[in-house]
Amino acid sequence: MIPESTKRPVGNSLFVAALILFALPFAYYAVARGMMLNDPGEQALSRLFHGGAALSNTAVYGHMIAGGLITALAPLQLSRVLRQRAALLHRTLGYVLVSAAMFTSLGGLIYIVLQGTIGGPVMSIGFALYGILMLLACVQTVRYARLRHPLHRLWAERLVILALASLLYRVHYGVWEILTGGLGSRDDFSGPFDVIQVFAFYLPYLALHGWLWRRRESR
Ligand code: HEM
(Lines give C-alpha, C1' and ligand atoms only; values in the text may rest on other atoms or scores of the structure.)
Protein backbone atom coordinates (compact mmCIF):
# COMPACT_ATOMS: atom_id res chain seq x y z
CA MET A 1 0.00 0.00 0.00
CA ILE A 2 1.30 3.46 -0.75
CA PRO A 3 2.04 4.59 2.79
CA GLU A 4 -0.92 6.81 3.61
CA SER A 5 -1.22 4.02 6.14
CA THR A 6 2.00 5.38 7.61
CA LYS A 7 0.76 7.06 10.75
CA ARG A 8 4.03 8.99 11.14
CA PRO A 9 3.98 12.17 9.02
CA VAL A 10 7.80 12.25 8.92
CA GLY A 11 7.92 8.75 7.40
CA ASN A 12 5.30 9.75 4.85
CA SER A 13 7.14 12.97 3.96
CA LEU A 14 10.45 11.12 3.53
CA PHE A 15 8.73 8.55 1.30
CA VAL A 16 7.22 11.31 -0.86
CA ALA A 17 10.56 13.15 -1.07
CA ALA A 18 12.37 9.94 -2.06
CA LEU A 19 9.78 9.25 -4.79
CA ILE A 20 10.14 12.77 -6.20
CA LEU A 21 13.96 12.54 -6.24
CA PHE A 22 13.70 9.15 -7.95
CA ALA A 23 11.27 10.56 -10.55
CA LEU A 24 12.96 13.89 -11.32
CA PRO A 25 15.70 12.82 -13.79
CA PHE A 26 13.23 11.01 -16.09
CA ALA A 27 10.62 13.77 -15.68
CA TYR A 28 13.25 16.32 -16.74
CA TYR A 29 14.32 14.17 -19.71
CA ALA A 30 10.68 13.77 -20.85
CA VAL A 31 9.89 17.50 -20.65
CA ALA A 32 13.17 18.45 -22.38
CA ARG A 33 12.61 15.87 -25.13
CA GLY A 34 9.03 17.03 -25.63
CA MET A 35 10.20 20.61 -26.08
CA MET A 36 12.50 19.53 -28.91
CA LEU A 37 9.60 19.13 -31.35
CA ASN A 38 10.84 22.02 -33.52
CA ASP A 39 14.52 21.14 -33.21
CA PRO A 40 15.96 20.22 -36.65
CA GLY A 41 18.33 17.65 -35.10
CA GLU A 42 15.46 15.90 -33.31
CA GLN A 43 13.32 16.00 -36.45
CA ALA A 44 16.10 14.43 -38.51
CA LEU A 45 17.06 11.70 -36.05
CA SER A 46 13.95 10.74 -34.06
CA ARG A 47 11.77 7.86 -35.18
CA LEU A 48 8.89 9.49 -33.33
CA PHE A 49 8.92 12.55 -35.62
CA HIS A 50 7.11 12.03 -38.93
CA GLY A 51 7.46 14.68 -41.64
CA GLY A 52 4.10 16.23 -42.59
CA ALA A 53 2.26 14.52 -39.69
CA ALA A 54 1.54 17.58 -37.53
CA LEU A 55 -1.13 15.90 -35.37
CA SER A 56 0.86 12.82 -34.41
CA ASN A 57 4.02 14.91 -33.86
CA THR A 58 2.20 17.39 -31.59
CA ALA A 59 0.45 14.52 -29.79
CA VAL A 60 3.58 12.50 -29.03
CA TYR A 61 5.87 15.43 -28.13
CA GLY A 62 3.04 17.11 -26.16
CA HIS A 63 2.45 13.85 -24.24
CA MET A 64 6.13 13.82 -23.24
CA ILE A 65 5.86 17.30 -21.67
CA ALA A 66 2.58 16.52 -19.86
CA GLY A 67 3.94 13.06 -18.90
CA GLY A 68 7.10 14.59 -17.45
CA LEU A 69 4.95 16.93 -15.34
CA ILE A 70 2.81 14.15 -13.91
CA THR A 71 5.86 11.96 -13.21
CA ALA A 72 7.33 14.73 -11.06
CA LEU A 73 4.09 15.99 -9.47
CA ALA A 74 2.08 12.83 -8.80
CA PRO A 75 4.03 11.76 -5.65
CA LEU A 76 3.15 15.10 -4.00
CA GLN A 77 -0.50 14.01 -3.83
CA LEU A 78 0.52 11.24 -1.44
CA SER A 79 1.74 13.77 1.12
CA ARG A 80 -0.34 13.64 4.28
CA VAL A 81 1.03 17.00 5.42
CA LEU A 82 -0.13 18.65 2.20
CA ARG A 83 -3.55 17.03 2.37
CA GLN A 84 -4.17 17.90 5.99
CA ARG A 85 -2.57 21.35 6.22
CA ALA A 86 -2.94 22.66 2.67
CA ALA A 87 -6.13 21.08 1.39
CA LEU A 88 -6.64 23.79 -1.25
CA LEU A 89 -3.16 23.14 -2.66
CA HIS A 90 -3.87 19.38 -2.69
CA ARG A 91 -7.13 20.00 -4.58
CA THR A 92 -5.59 22.47 -7.07
CA LEU A 93 -2.64 20.19 -7.71
CA GLY A 94 -5.09 17.32 -8.12
CA TYR A 95 -6.90 19.10 -10.94
CA VAL A 96 -3.59 20.08 -12.60
CA LEU A 97 -2.43 16.47 -12.34
CA VAL A 98 -5.63 14.97 -13.71
CA SER A 99 -5.68 17.45 -16.64
CA ALA A 100 -2.04 16.71 -17.47
CA ALA A 101 -2.62 12.95 -17.13
CA MET A 102 -5.58 13.11 -19.52
CA PHE A 103 -3.45 15.10 -21.96
CA THR A 104 -0.63 12.53 -21.60
CA SER A 105 -2.83 9.52 -22.26
CA LEU A 106 -4.79 11.14 -25.10
CA GLY A 107 -1.53 12.26 -26.75
CA GLY A 108 -0.10 8.74 -26.48
CA LEU A 109 -3.34 7.18 -27.77
CA ILE A 110 -3.54 9.55 -30.76
CA TYR A 111 0.05 8.68 -31.65
CA ILE A 112 -0.66 4.94 -31.40
CA VAL A 113 -3.73 5.22 -33.64
CA LEU A 114 -1.92 7.32 -36.25
CA GLN A 115 1.57 5.77 -36.26
CA GLY A 116 1.53 2.57 -34.19
CA THR A 117 4.55 1.79 -32.02
CA ILE A 118 8.05 0.53 -32.73
CA GLY A 119 7.20 -2.89 -31.22
CA GLY A 120 4.14 -3.50 -33.45
CA PRO A 121 0.62 -4.64 -32.46
CA VAL A 122 1.47 -6.18 -29.06
CA MET A 123 3.30 -3.06 -27.90
CA SER A 124 0.50 -0.88 -29.30
CA ILE A 125 -2.09 -2.89 -27.34
CA GLY A 126 0.01 -2.76 -24.14
CA PHE A 127 0.52 0.99 -24.36
CA ALA A 128 -3.08 1.67 -25.46
CA LEU A 129 -4.37 -0.26 -22.42
CA TYR A 130 -1.98 1.77 -20.26
CA GLY A 131 -3.42 5.01 -21.69
CA ILE A 132 -7.03 3.86 -21.28
CA LEU A 133 -6.42 2.85 -17.64
CA MET A 134 -4.86 6.25 -16.99
CA LEU A 135 -7.95 7.96 -18.44
CA LEU A 136 -10.20 5.76 -16.31
CA ALA A 137 -8.17 6.55 -13.18
CA CYS A 138 -8.48 10.30 -13.94
CA VAL A 139 -12.27 10.11 -14.27
CA GLN A 140 -12.75 7.94 -11.16
CA THR A 141 -10.37 10.00 -9.02
CA VAL A 142 -12.28 13.23 -9.73
CA ARG A 143 -15.70 11.56 -9.54
CA TYR A 144 -15.07 10.08 -6.07
CA ALA A 145 -13.32 13.23 -4.83
CA ARG A 146 -16.42 15.27 -5.66
CA LEU A 147 -18.60 12.73 -3.86
CA ARG A 148 -16.18 12.81 -0.89
CA HIS A 149 -16.17 9.01 -1.23
CA PRO A 150 -13.46 6.76 0.33
CA LEU A 151 -12.82 5.20 -3.09
CA HIS A 152 -11.22 8.51 -4.09
CA ARG A 153 -8.07 7.36 -2.37
CA LEU A 154 -8.03 3.98 -4.14
CA TRP A 155 -8.30 5.59 -7.57
CA ALA A 156 -5.94 8.46 -6.75
CA GLU A 157 -3.29 5.94 -5.70
CA ARG A 158 -3.87 4.01 -8.91
CA LEU A 159 -3.36 7.23 -10.84
CA VAL A 160 -0.06 7.86 -9.04
CA ILE A 161 1.09 4.32 -9.86
CA LEU A 162 0.21 4.84 -13.53
CA ALA A 163 1.91 8.25 -13.55
CA LEU A 164 5.12 6.60 -12.32
CA ALA A 165 4.78 3.50 -14.51
CA SER A 166 6.48 5.07 -17.54
CA LEU A 167 9.53 5.63 -15.35
CA LEU A 168 9.26 2.03 -14.07
CA TYR A 169 9.27 0.80 -17.68
CA ARG A 170 12.71 2.41 -18.19
CA VAL A 171 13.91 1.18 -14.77
CA HIS A 172 12.95 -2.42 -15.68
CA TYR A 173 15.07 -2.17 -18.85
CA GLY A 174 17.99 -0.62 -16.95
CA VAL A 175 17.98 -3.28 -14.23
CA TRP A 176 17.53 -6.09 -16.79
CA GLU A 177 20.44 -4.77 -18.85
CA ILE A 178 22.68 -4.73 -15.76
CA LEU A 179 21.58 -8.22 -14.64
CA THR A 180 21.47 -10.07 -17.97
CA GLY A 181 23.01 -7.80 -20.60
CA GLY A 182 19.56 -7.36 -22.19
CA LEU A 183 18.59 -11.03 -22.59
CA GLY A 184 15.38 -11.49 -24.61
CA SER A 185 15.27 -7.86 -25.73
CA ARG A 186 15.67 -6.79 -29.36
CA ASP A 187 16.25 -3.43 -31.06
CA ASP A 188 12.76 -3.56 -32.60
CA PHE A 189 11.23 -4.43 -29.21
CA SER A 190 10.02 -7.82 -30.45
CA GLY A 191 11.93 -10.03 -27.98
CA PRO A 192 10.17 -12.03 -25.23
CA PHE A 193 11.35 -9.61 -22.56
CA ASP A 194 9.97 -6.68 -24.61
CA VAL A 195 6.61 -8.40 -25.10
CA ILE A 196 6.25 -9.05 -21.35
CA GLN A 197 7.35 -5.54 -20.52
CA VAL A 198 4.56 -3.80 -22.44
CA PHE A 199 2.21 -5.04 -19.70
CA ALA A 200 4.63 -5.62 -16.81
CA PHE A 201 5.38 -1.98 -16.11
CA TYR A 202 1.89 -1.28 -14.76
CA LEU A 203 -0.34 -4.38 -14.37
CA PRO A 204 1.66 -6.14 -11.59
CA TYR A 205 1.93 -2.89 -9.61
CA LEU A 206 -1.81 -2.27 -9.90
CA ALA A 207 -2.49 -5.88 -8.86
CA LEU A 208 -0.16 -5.63 -5.84
CA HIS A 209 -1.76 -2.36 -4.83
CA GLY A 210 -5.26 -3.88 -5.17
CA TRP A 211 -4.23 -6.83 -2.99
CA LEU A 212 -2.77 -4.57 -0.29
CA TRP A 213 -5.88 -2.39 -0.43
CA ARG A 214 -8.23 -5.35 0.04
CA ARG A 215 -6.09 -6.73 2.88
CA ARG A 216 -6.24 -3.38 4.68
CA GLU A 217 -10.00 -3.07 4.13
CA SER A 218 -10.64 -6.57 5.49
CA ARG A 219 -8.89 -5.69 8.77
C1 HEM B 1 3.34 8.80 -17.47
C2 HEM B 1 4.03 9.69 -18.09
C3 HEM B 1 4.69 9.47 -19.43
C4 HEM B 1 5.92 9.93 -19.77
C5 HEM B 1 6.86 10.74 -18.89
C6 HEM B 1 6.18 9.50 -21.12
C7 HEM B 1 7.33 9.79 -21.82
C8 HEM B 1 7.66 9.32 -23.07
C9 HEM B 1 8.88 9.58 -23.78
C10 HEM B 1 10.03 10.44 -23.24
C11 HEM B 1 8.82 8.92 -24.95
C12 HEM B 1 9.90 8.90 -26.06
C13 HEM B 1 10.67 7.63 -26.04
C14 HEM B 1 11.79 7.70 -25.05
O15 HEM B 1 12.58 8.64 -25.07
O16 HEM B 1 11.89 6.77 -24.23
C17 HEM B 1 7.55 8.25 -25.00
C18 HEM B 1 7.12 7.45 -26.04
C19 HEM B 1 5.85 6.92 -26.13
N20 HEM B 1 4.85 6.98 -25.18
FE21 HEM B 1 4.95 7.90 -23.41
N22 HEM B 1 5.11 8.79 -21.58
C23 HEM B 1 4.16 8.75 -20.58
C24 HEM B 1 2.92 8.13 -20.64
C25 HEM B 1 2.41 7.50 -21.76
C26 HEM B 1 1.07 6.96 -21.86
C27 HEM B 1 -0.01 7.01 -20.77
C28 HEM B 1 0.98 6.39 -23.09
C29 HEM B 1 -0.19 5.63 -23.67
C30 HEM B 1 -1.24 6.19 -24.16
C31 HEM B 1 2.24 6.60 -23.77
C32 HEM B 1 2.53 6.19 -25.04
C33 HEM B 1 3.74 6.35 -25.68
C34 HEM B 1 4.04 5.84 -27.00
C35 HEM B 1 3.07 5.07 -27.90
C36 HEM B 1 5.35 6.19 -27.29
C37 HEM B 1 6.13 5.85 -28.56
C38 HEM B 1 6.53 4.38 -28.51
C39 HEM B 1 7.44 4.03 -29.68
O40 HEM B 1 6.93 3.65 -30.74
O41 HEM B 1 8.65 4.17 -29.51
N42 HEM B 1 3.07 7.27 -22.92
N43 HEM B 1 6.86 8.51 -23.85
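Guide: Let's start with R216 and E217, whose side chains meet in a salt bridge at 3.0 Å, N to O. Bear in mind that this is a predicted model, where local features need pLDDT of at least 70, side-chain atom pairs count only at pLDDT 80 or more, and totals for chains, interfaces and linings use all residues. Residues are numbered from 1 along each chain as its sequence is written, and side-chain values use heavy atoms, with hydrogens and water left out.

Visitor: Why is R216 called partly exposed?
Guide: Buried means under 20% relative accessible area, exposed means over 50%, and partly exposed is in between (1.4 Å probe, protein chains only). R216 has 30% relative accessibility, so it counts as partly exposed.

Visitor: Are E42 and R33 buried or exposed?
Guide: Buried: E42 has a relative accessible area of 8%, and R33 counts as buried at 19%.

Visitor: How far apart are R153 and E157 along helix α7?
Guide: They are four residues apart in helix α7 (residues 151-180), which means about one helical turn separates them. A helix here is a DSSP run (H or I, at least four residues), numbered from the N terminus. E157 is buried as well, with a relative accessible area of 3%.

Visitor: What does S166 touch?
Guide: S166 is also found in helix α7, and it touches F26, Y130 and F201, not counting residues up to four places away in sequence. Contact means heavy atoms within 4.5 Å. With a relative accessible area of 18%, S166 is buried.

Visitor: Why are α1 and α3 called roughly antiparallel?
Guide: Helix α1 (residues 9-34) and helix α3 (residues 54-73) pack at about 165 degrees, with their axes 7 Å apart. Axes are lines fitted to C-alpha atoms, for helices over the stretch in contact, and angles run from 0 to 180 degrees between N-to-C directions. Angles under 35 degrees count as roughly parallel, over 145 as roughly antiparallel, 65 to 115 as roughly perpendicular and the rest as oblique. α1 and α3 are therefore roughly antiparallel.

Visitor: Which residues of α1 and α3 meet?
Guide: Among them are I20, L24 and R33 in α1, and Y61, M64 and L69 in α3. By class, this contact has twelve nonpolar, three polar and one charged.

Visitor: What makes α6 and α8 roughly parallel?
Guide: The axes of helix α6 (residues 121-146) and helix α8 (residues 192-200) cross at roughly 15 degrees and come within 8 Å. That angle is why α6 and α8 are roughly parallel to each other. V122, F127 and L129 are among the α6 residues in this contact, while V195, V198 and F199 take part from α8.

Visitor: Where is R83, and how far is it from L129?
Guide: R83 is found in helix α4 (residues 80-85). R83 and L129 are 46 residues apart in sequence and 30 Å apart in space, C-alpha to C-alpha.

Notes. Helix = DSSP H or I, 4+ residues; strand = E, 2+ residues; numbered from the N terminus. Salt bridge = Lys/Arg side-chain N within 4 Å of Asp/Glu carboxyl O. Nonpolar A, V, L, I, M, F, W, Y, C, P; charged D, E, K, R; others polar.
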